[in-house]
Amino acid sequence: MNLPFGQTVTIIRVPTRDRHGDKVGDDASHTIDLCGVDWNATASNTQFQDVQTTDVDLYVPRGADVVASDKVELADGSTFRVVGRPMWDQVHPMTGKDFGYKLVRLREVAGA
């Protein structure tokens with residue numbers, strides 16, 4: 001599988017924190033080319049709160065450096081947090097076909 005018109009995204013690596021909660025080091029970033037973006041849904045909280053969550057599925061090349069603590073900035077400038085670890089970083093278990101991409105779930109919480 002190839003995404004010749006995919007987006008370039010920026011991965012923002014958030015530094016670790018010490019035992020007092022202070023950042024150790026600075027944010028680091030790198031870009032990943034040819035990514036697929038699949039906008040899932042936006043949901044509003046109906047419990048008298050003005051909060052909206054937006055979920056996105058991001059398809060990145062299998063060798064891309066993305067971890068669960070990263071933030072991702074899309075081409076339109078919106079920033080999302082990675083939810084969990086990247087998935088499907090394997091060949092197809094029945095056919096052995098390598099699609100070349102893995103799935104990274106993203107979420108944005110606005111209004112909080």
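**Reading the predicted model: pocket, barrel and backbone**

Guide: In this predicted model, the largest pocket is lined by M1, Y59, W88, Q90, V91, H92, F99, Y101 and K102. Its volume is about 160 Å³.

Visitor: What makes a residue of this lining nonpolar, polar or charged, and how many of each are there?

Guide: The lining divides into six nonpolar residues, two polar and one charged. Met, Tyr, Trp, Val and Phe count as nonpolar, and therefore M1, Y59, W88, V91, F99 and Y101 fall in that class. Lys counts as charged, so K102 is placed there. Q90 and H92 belong to the residue types that count as polar.

Visitor: Why is W88 called exposed?

Guide: Exposed means over 50% relative accessible area. W88 has 53%, and therefore it is classed as exposed. This residue lies in the loop between β5 and β6 (101-110).

Visitor: Which strand holds L34, and why is L34 called partly exposed?

Guide: L34 lies in strand β2 (residues 28-44). Its relative accessibility is 35%. Buried requires under 20% and exposed over 50%; 35% lies in between, so L34 counts as partly exposed. L34 also has a positive phi, of about 60°, although it is not a glycine.

Visitor: What makes β4 and β5 a pair of strands?

Guide: Pairing requires at least two bridges between two strands. Three bridges join β4 (residues 71-73) to β5 (residues 79-82), so the two strands count as paired. They run antiparallel, and E73 stands opposite T79 in β5.

Visitor: In what order do the strands of the barrel run?

Guide: The closed barrel has six strands in the order β1-β2-β3-β6-β5-β4, with antiparallel pairing. Neighbouring strands of this sheet are turned by 45° against each other on average, direction ignored. Strands of a sheet pair through backbone hydrogen bonds.

Visitor: How many helices and strands does the protein have?

Guide: The protein has zero helices and six strands.

Visitor: What share of the residues is buried, and what share of the contacts joins residues 24 or more positions apart?

Guide: Buried residues make up 23% of the 112 residues. Among contacts with a separation of 6 or more, 56% come from residues 24 or more positions apart. The C-alpha atoms fill a box of roughly 45 × 40 × 25 Å, taken along the principal axes.

Definitions and conventions:
Residues are numbered from 1 along each chain as its sequence is written. This is a predicted model: local features need pLDDT of at least 70, side-chain atom pairs count only at pLDDT 80 or more; totals for chains, interfaces and linings use all residues. Side-chain values use heavy atoms; hydrogens and water are left out. Helices (H or I, at least four residues) and strands (E, at least two) are DSSP runs, numbered from the N terminus. Axes are lines fitted to C-alpha atoms, for helices over the stretch in contact, and angles run from 0 to 180 degrees between N-to-C directions. Buried means under 20% relative accessible area, exposed over 50%, partly exposed in between (1.4 Å probe, protein chains only). On a 1 Å grid over the protein atoms alone, a cavity is a set of points where a 1.4 Å probe fits but cannot get out, and a pocket is an open set with protein on both sides within 12 Å along at least five of seven lines; lining residues have an atom within 4 Å of a point. Grid points are joined across faces, edges and corners, and a volume is the space filled by probe spheres set on the points. Contact means heavy atoms within 4.5 Å.
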